[in-house]
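Dear colleague,

Please find below the sequence and the structure that I would like to hand over to you. My findings follow directly after it.

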Amino acid sequence: MKKYIFVLIALVATLTWSCQDESGDYIDQLQTNSVLSKGARSCLEVATDTAVAHVCIPGGMTETDYRITFPNSGLCRAIRDTMNHLGRTDLLDTLYNRVNRACEHMGNDVTSTFKAAIVKLVFDNPSDLVYGPSDTLTAYLRLYQESALRESLTSALNSQFQSAGATATWNEIVTLFNGTTAGPLSFDLNDFVMRRFVAAIFAEMGKEEALIRSDANHQVTNAIKNVFGN
């Protein structure tokens, strides 16, 4: 038994010695990846703050191209056509105003939820992201976290719907729709609005990321300057 233990110790010692990085390249790479990852996270955090500052303010949704309305296709078209037929397009206008205002009040929730997701991001090859196209980091966050972000924000958006009166207006629309031959209506308003709202946040994040990469005035943290300053 002692013989086997001695052989095992000798084998481990041999492997450990053989794996030593005498050049220091491995340690240098770890340090480089750490710096790049910190800069990437800081970039996404600053981009989140900027997006919230642009979107989650009065008029940030209602008075911009991000304004949420029903498209003239699919079930949304059926809703629009039915309200038009009933002479109640005013309800749609009210709904649009209220859901957009609800989104504009989501700033604190977006900030905390997005930044929690950013902290958890793992960058296997941070250099590929840092030295990629202008919105690569935003695209990376969106690819791996968008679904979870939408799910995490659902409860907060529901609360804002209630506060803004959007839920009451939507219930009135559903009742009218179901009273026609087109009913019953099966449509997830929260999911519809959430997807477009989160898309607006990511769009603004992408714009800010591009500026961080190219404009020193937007490189507002040391972590960002260390990576994008040159």
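The side chain of Thr136 reaches the backbone oxygen of Pro133, at 2.7 Å. Thr136 itself belongs to helix α7 and is buried, its relative accessible area being 15%. Leaving out residues up to four places away in sequence, Thr136 touches Asp128, Leu129, Glu209 and Arg213. Please bear in mind throughout that this is a predicted model.

Confidence and overall make-up

The mean pLDDT of the protein is 89, and 87% of its residues reach 70 or more. One stretch calls for caution: over residues 2-21 the pLDDT stays under 50. For that stretch the model has 2 contacts beyond four places in sequence.

The protein comprises 10 helices and 0 strands, so that, read from the N terminus, the order of elements is α-α-α-α-α-α-α-α-α-α. It has 230 residues, of which 39% count as buried. Among contacts with a separation of 6 or more, 81% are between residues 24 or more positions apart. The accessible surface comes to about 13,000 Å², and carbon and sulfur atoms account for 52% of it.

Salt bridges

In total, the count of salt bridges is 9.

Helix α7, which spans residues 136-164, holds two of the pairs I would point out, and Glu146 takes part in both. With Arg142, Glu146 forms a salt bridge whose closest N and O atoms are 3.1 Å apart. These two residues are separated by about one helical turn, because they lie 4 residues apart in helix α7. With Arg150, the side chain of Glu146 meets in a salt bridge at 3.2 Å, N to O. Arg150 and Glu146 likewise lie 4 residues apart in α7, about one turn of the helix.

Arg142, at 33% relative accessibility, counts as partly exposed. In the pair of Arg150 and Glu146, both residues are buried.

Helix α9, residues 189-214, contains a further pair, Asp191 and Arg195, 4 residues apart and thus about one turn of the helix. The closest N and O atoms of their salt bridge are 3.0 Å apart. Asp191 counts as partly exposed at 31% relative accessibility, and Arg195 also counts as partly exposed, at 40%.

Arg88, Asp90 and Glu172 are linked in a network of salt bridges.

The nonpolar core

The largest nonpolar core has 61 residues. Those with the most contacts inside it are Phe70, Phe114, Trp170, Val193, Phe197, Ile201 and Met205. Helix α9 gives the most to this core, with 11 residues.

Which residues does Trp170 touch, not counting those up to four places away in sequence? They are Phe70, Ile79, Leu95, Leu185, Phe187 and Leu189.

Ser37 lies in helix α2, residues 25-55. At 11% relative accessibility, Ser37 counts as buried. Leaving aside neighbours within four places in sequence, Ser37 is in contact with Phe123 and Pro126.

Asp215 is found in the loop between α9 and α10, the latter being residues 222-228. At 25% relative accessibility, Asp215 counts as partly exposed. The side chain of Asp215 reaches the backbone nitrogen of Asn217, at 2.9 Å. Asp215 and Gly229 are 14 residues apart in sequence, and their C-alpha atoms are 8.8 Å apart in space.

With kind regards

Methods:
Residues numbered from 1 in each chain as written. Predicted model: local features only at pLDDT ≥ 70, side-chain atom pairs only at ≥ 80, totals over all residues. Heavy atoms only, no water. Salt bridge = Lys/Arg side-chain N within 4 Å of Asp/Glu carboxyl O. Buried < 20%, exposed > 50% of the residue type's maximum accessible area, 1.4 Å probe, protein only. Core = buried A, V, L, I, M, F, W, Y, C linked by side-chain atoms within 4.5 Å. Contact = heavy atoms within 4.5 Å. pLDDT = per-residue confidence, 0-100. Areas by Shrake-Rupley, 256 points an atom, 1.4 Å probe, with all protein chains shown as cover. Polar contact = N/O pair within 3.5 Å; in protein donor to acceptor, adjacent residues only side chain to side chain.
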